[in-house]
Protein chains: 2
Amino acid sequence: MPYFDAASAAPLHPVARQALLASLDEGWADPARLYREGRRARLLLDAAREAAAEAVGCRPDELVFTPSGTHAVHSGISGALAGRRRVGDRLVVSAVEHSSVLNAAGAHASAGGRVTEVPVGRSGAVAAEEFGAALDAETALACLQSANHEVGTVQPVAEVAEACRAAGVPLLVDAAQSLGWGAVEAGWSLLAASAHKWGGPAGVGLLAVRKGVRFAVRGPVDEREAGRAAGFENLPAIVAAAASLRAVRAEAAAEAVRLRELVDRIRGRVPELVPDVEVVGDPVRRLPHLVTFSCLYVDGETLLHELDREGFSVSSGSSCTSATLTPSHVLRAMGVLSEGNVRVSLPAGTPEEEVERFLDVLPGVVGAVRERLGAPGPAATTGGSRALVVDALGRRCPIPVIELAKVIGDVPVGGTVTVLADDEAARLDIPAWCEMRGQEYLGEEASPGGGTAYRVRRVS
Amino acid sequence: MPYFDAASAAPLHPVARQALLASLDEGWADPARLYREGRRARLLLDAAREAAAEAVGCRPDELVFTPSGTHAVHSGISGALAGRRRVGDRLVVSAVEHSSVLNAAGAHASAGGRVTEVPVGRSGAVAAEEFGAALDAETALACLQSANHEVGTVQPVAEVAEACRAAGVPLLVDAAQSLGWGAVEAGWSLLAASAHKWGGPAGVGLLAVRKGVRFAVRGPVDEREAGRAAGFENLPAIVAAAASLRAVRAEAAAEAVRLRELVDRIRGRVPELVPDVEVVGDPVRRLPHLVTFSCLYVDGETLLHELDREGFSVSSGSSCTSATLTPSHVLRAMGVLSEGNVRVSLPAGTPEEEVERFLDVLPGVVGAVRERLGAPGPAATTGGSRALVVDALGRRCPIPVIELAKVIGDVPVGGTVTVLADDEAARLDIPAWCEMRGQEYLGEEASPGGGTAYRVRRVS
């Protein structure tokens with residue numbers, strides 16, 4: 001059964017499984033103890049640390065194991081901020097960081113710190129110059145992901161690192177999505193990653209802190225992992241994480257070429273097979289295995305459900321698939337369509353046939369969802385009224401956009417349509433629809449009857 | 001090979017191993033996802049939570065899985081303190097809590113909070129009345145372990161819980177050492193535990209928070225585990241933890257009887273076989289599998305090393321076995337001897353023969369260490385001088401006590417010996433020696449030449 005959500009969690013790599021089993025017998029004791037079981041555990045821990053450090057590109061004593069990638073990010077950010085408290089309280093992050101980074105930034109802001117979000121372009125990448133301009137004399141830390149987890153866009157880490165170096169600001173790189181594919185470009189000060197993203201077990205993150213980076217541990221002291229990760233070491237999982245990182249890396253170059261070609265196939269053929277689709281993210285500077293597209297007039301939750309029924313496991317950044325009913329902050333920051341959003345992230349080893357079958361199935365699935373929602377066909381002929389108002393209050397994504405598309409043909413070129421909507425996704429998707437359709441988005445204003453009025457001028 | 005340090009980490013229970021293996025294939029996906037792999041993971045997680053909650057004695061929605069027992073304690077304490085911030089900032093803990101509790105208390109104190117440590121008696125137990133008296137109107141939280149990790153003494157949890165209830169203060173019980181043996185007595189508000197202590201895998205802790213207990217999560221928000229434990233769930237380990245807790249509990253009653261008898265044998269025979277030994281901890285209200293004793297005139301590190309050479313893995317609270325060169329805070333709080341300290345904690349299934357062999361080997365090992373250190377034999381005859389001074393400055397435990405014992409026979413009954421020492425263990429061990437030997441400890445004062453002068457009067 002095709003599982004296409006490696007960016008959430010990859011199935012366990014065979015080497016991880018093997019290493020985990022082997023170390024269940026050898027690695028359960030406390031590595032801080034001096035008796036033989038403890039010494040054996042210590043040897044395993046030291047060897048795992050060396051292997052992981054080599055893959056990361058740091059010294060073993062710069063790297064600790066944490067209980068998850070999220071813990072690595074949280075500890076890395078809070079430790080670096082505390083270590084540079086005297087310099088200032090500004091934290092600079094890109095607008096498309098993983099939620100673990102943005103939540104840590106939120107905690108910093110709640111505690112009175114300042115947070116600057118650097119916007120991204122339509123491809124999802126920051127501009128290094130703009131990132132550099134956000135660094136001031138009171139910036140304690142900057143954070144940039146190596147590659148985006150939702151759209152696959154690779155960030156200009158080396159250029160941003162150079163800007164940080166010039167400004168004297170340490171850079172934390174969240175390498176969760178990319179570490180299995182290769183080492184992060186040089187110049188980072190702190191690095192965080194998560195084993196279950198590369199086929200290692202859950203329960204293991206990495207935090208590397210370069211020597212010389214000021215770092216002050218927050219919270220209760222604990223003697224383990226150089227004081228940077230509290231609690232008894234999860235040794236079998238740590239051993240499995242390190243062994244699988246090495247194994248995945250050995251296969252990465254060849255597998256990246258193969259998956260890149262499969263993703264290119266999806267990028268090229270989905271817009272041919274399915275009308276009204278926007279493929280998002282940088283087409284070239286991207287992760288090899290990940291592609292995201294959004295389908296107009298489609299409800300993401302239904303689409304995921306139908307794909308699951310066909311045997312495909314994918315995820316989505318659409319508002320209807322989120323617990324908070326807001327579209328993904330990544331898609332929002334990029335200003336791209338969020339409705340009918342699908343992220344495909346292929347695990348290593350995905351056979352070509354599964355991708356082909358996905359391409360076979362997708363058009364019918366999208367078509368059926370659209371039909372059920374009463375989505376409009378190709379744009380209709382010129383109508384009469386110069387200005388129409390569509391009331392979509394209380395209707396959820398993708399209905400407001402569908403209603404807009406249905407009536408745009410009813411106003412003449414130069415006429416306007418106003419959509420009244422209170423669904424959060426409309427704020428992103430109505431402008432995105434205008435961009436895709438070549439219509440002019442005039443802006444939004446509060447609507448006297450509640451919700452927001454979005455104004456669109458027909459120009460073609 | 002006999003491993004007698006179950007209180008540090010127990011070897012993996014066969015049921016844990018089996019459950020871990022089974023869920024490596026079924027439980028690697030994100031339980032928050034709606035596709036089949038995610039749904040399967042969610043089912044496993046829900047079942048594990050139900051099983052663990054049943055063993056703990058709480059509702060499933062009161063229990064979250066954390067990355068370790070240490071995390072459960074840290075999150076439980078900080079969440080409960082934050083939730084009752086408006087009531088006050090006092091945290092009441094027993095003096096013999098696990099370091100994770102005391103370190104969390106230390107962090108609270110560093111942040112300006114007040115911490116009250118309730119002392120223990122010579123057996124290591126708090127008096128419920130004294131604990132209750134420490135609770136005031138500004139107490140936000142009280143913490144008491146179910147049983148002590150170093151000496152095995154069971155705490156009066158039900159009585160203390162009643163005192164807390166009367167004072168309107170929530171009680172957090174650290175049940176790390178006892179949960180495998182049975183549910184904690186009723187009345188707790190929060191409960192923390194650690195799977196690798198009962199034969200589950202590393203990487204899993206439990207935190208239960210009763211409905212109605214005010215709790216405010218600190219740090220970055222995270223949607224997993226009801227917001228109380230950040231990071232991707234370590235599902236295979238969680239499944240293994242829950243399954244093994246159930247299995248261990250099914251065997252606990254019979255195994256407790258068997259191990260209790262083996263421990264009674266150690267408690268009774270060690271003082272017969274080895275002169276000058278103090279067995280510590282409550283002889284009756286205690287964990288079934290754990291016993292601790294201290295040997296006069298012995299260096300703990302050498303003793304552990306020699307026992308390891310004989311194939312026995314045990315731990316010690318002696319200062320020389322600690323990274324900080326201070327005796328265990330537990331032994332210190334109890335006021336018992338810390339030199340030559342040995343903790344034996346038997347894993348479930350320990351064969352009787354291993355305990356017998358330990359009893360065979362111990363006297364020779366202790367005797368050899370004493371001989372090498374030049375320890376004194378039985379007390380010598382009356383000497384001449386009324387007051388002697390022994391200079392043990394710069395000498396480590398157990399030398400100051402050995403020097404004292406060597407000369408006590410050189411002063412007449414009524415005469416005094418002053419020991420000059422700068423080793424931290426002397427502060428605990430010289431009074432403890434006096435107690436064991438029936439001599440009078442007169443007190444300590446700063447010594448003009450550096451270090452501390454400990455004064456002892458010969459009374460027998």
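**How the two chains are related**

Chain B superposes on chain A by a rotation of 180° with 0.0 Å of shift along its axis, at an RMSD of 0.1 Å. This is a predicted model, in which local features need pLDDT of at least 70, side-chain atom pairs count only at pLDDT 80 or more, and totals for chains, interfaces and linings use all residues. Residues are numbered from 1 along each chain as its sequence is written, and chains are lettered from A in the order in which they are written.

User: What makes the axis between the two copies a two-fold rotation axis?

Analyst: Copies are superposed by least squares on the C-alpha atoms of residues with pLDDT of at least 70 in both. The rotation is 180° and the shift 0.0 Å, so the copies are related as by a two-fold rotation axis. In chain B, the C-alpha of P67(B) is nearest the axis, 3.0 Å from it.

User: How do you know that the copies meet through the same surface?

Analyst: Two residues are in contact if their C-beta atoms, placed from the backbone, lie within 7 Å. By that rule, 45 residues of chain B are in contact with 45 residues of chain A. Of the interface residues of chain B, 100% are also interface residues in chain A, so the surface is the same.

User: Why is Q18(A) called partly exposed?

Analyst: A residue is buried if 20 or more other C-beta atoms lie within 10 Å of its own, exposed if 12 or fewer, and partly exposed in between. Q18(A) has 15 C-beta neighbours inside 10 Å, so Q18(A) counts as partly exposed.
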